[in-house]
Amino acid sequence: MATTKTSSNLHLLSAAIYFIIISLLAVLLWLAFTPHALRFQLTSLIVTSLATNTAAELTAKFHVNAVLSNPNFALSVCYETLHLALLFDNLTISATPVQPLPFSTAAQTDTPVRARFSVDHRLFPNGIVRGIFEQRGGGSVSFGVAVLARFRFTCGTLGTRVRTLKLECYPLQVAFPPRNHGTGSLVAPSHCYAV
């Protein structure tokens, strides 16, 4: 009778250990394959040839450098579209797609992104051009960058549905030192936040 009871206790103990191991494995797999939010950090914004006139025209070239971060442990990210837009006072000054697409980023990697914008004698509402002119007179202009991406998480040949991500980096202080002929640069790198 004692051996039957010991045998029964061993079966219960082995079942409990088996359950604990399977539960831990399930939690680890869940942690590894749960998508985590992507990060975008703006590392530099350089504005050259910034010029305004009384006819509410704006001329400028914008150079944006950023880092796309994939913090996921086991999931890669495949970007189908990636657009960057330059903002002033929540109005899009210029926008451009990031090329070449589609591209993928491996798990736990940082990928540099570069974009170039150009505005040549483009008309804007007078308040926008005046706002840029007045802020520049104070030594810096507060721009913003918006990021719009369509992407999917992948693991090998398996992938999720297409997701949309919209981020904004705002405000971005671009300093214009005196006598530099319309050239300004970002004061400090900035993380972007989901909207």
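A residue is called buried under 20% relative accessible area, exposed over 50%, and partly exposed in between, with a 1.4 Å probe and protein chains only. Asp89 is exposed, because its relative accessible area is 52%. Asn90 is exposed too, with a relative accessible area of 60%.

This is a predicted model, in which local features need pLDDT of at least 70, side-chain atom pairs count only at pLDDT 80 or more, and totals for chains, interfaces and linings use all residues. Residues are numbered from 1 along each chain as its sequence is written, and side-chain values use heavy atoms, with hydrogens and water left out.

Now the backbone. Helices (H or I, at least four residues) and strands (E, at least two) are DSSP runs, numbered from the N terminus. Asp89 sits in the loop between E3 and strand E4 (91-97). Asn90 is in the loop between E3 and E4. Most residues other than glycine have a negative phi, and most peptide bonds are trans. Asp89 has a positive phi, near 50°. Asn90 has a positive phi as well, near 60°. The peptide bond from Tyr170 to Pro171 is cis, with omega near -5°. Pro171 belongs to strand E9.

Next, the strand pairing. Two strands pair if DSSP finds at least two bridges between them. Strand E1 (residues 39-52) pairs with strand E2 (residues 57-70) in the antiparallel sense, over 11 bridges. Thr52 has Leu58 in E2 as its bridge partner. The hairpin of E1 and E2 has 4 residues between the strands, and Ala56 there takes a positive phi near 65°. E1 has other partners. It runs antiparallel to strand E11 (residues 190-191), joined by 2 bridges. Gln41 has His191 in E11 as its bridge partner. E1 is also joined by 2 bridges to strand E10 (residues 184-186), again antiparallel. There, Val47 stands opposite Gly184.

What lies inside? In soluble globular proteins, nonpolar side chains tend to be buried together. A nonpolar core is a set of buried Ala, Val, Leu, Ile, Met, Phe, Trp, Tyr and Cys residues joined through side-chain atoms within 4.5 Å. The largest one here has 46 residues, and those with the most contacts inside it are Phe40, Leu42, Leu45, Phe62, Leu84, Ile93 and Phe143. Elements giving two or more residues to this core include E1, E2, strand E6 (109-123) and helix H2 (126-137). E7 gives the most, with 7 residues.

Take Phe143. Contact means heavy atoms within 4.5 Å. Not counting residues up to four places away in sequence, Phe143 touches several residues, among them Leu45, Phe62, Phe88, Ile132 and Pro171.

Finally, the rings. Rings of Phe, Tyr and Trp (its six-membered ring) pair if their centres lie within 6.5 Å; planes under 30 degrees apart count as stacked, over 60 as edge-to-face and the rest as tilted. The whole structure holds 5 aromatic pairs. Tyr79 and Phe151 form a tilted pair, 6.1 Å centre to centre with 45° between the planes. Tyr79 lies in strand E3 (residues 76-88) and Phe151 in strand E7 (residues 140-155), so this pair ties together parts that are 72 residues apart in sequence. Tyr79 counts as buried because its relative accessibility is 1%. Phe151, at 5%, counts as buried. Phe88 and Phe143 form an edge-to-face pair, 6.0 Å centre to centre with 65° between the planes. Phe88 is in E3 and Phe143 in E7, so the pair ties together parts that are 55 residues apart in sequence. Both Phe88 and Phe143 are buried. Ring pairs also link Tyr79, Phe103, Phe151 and Phe153 into a cluster.
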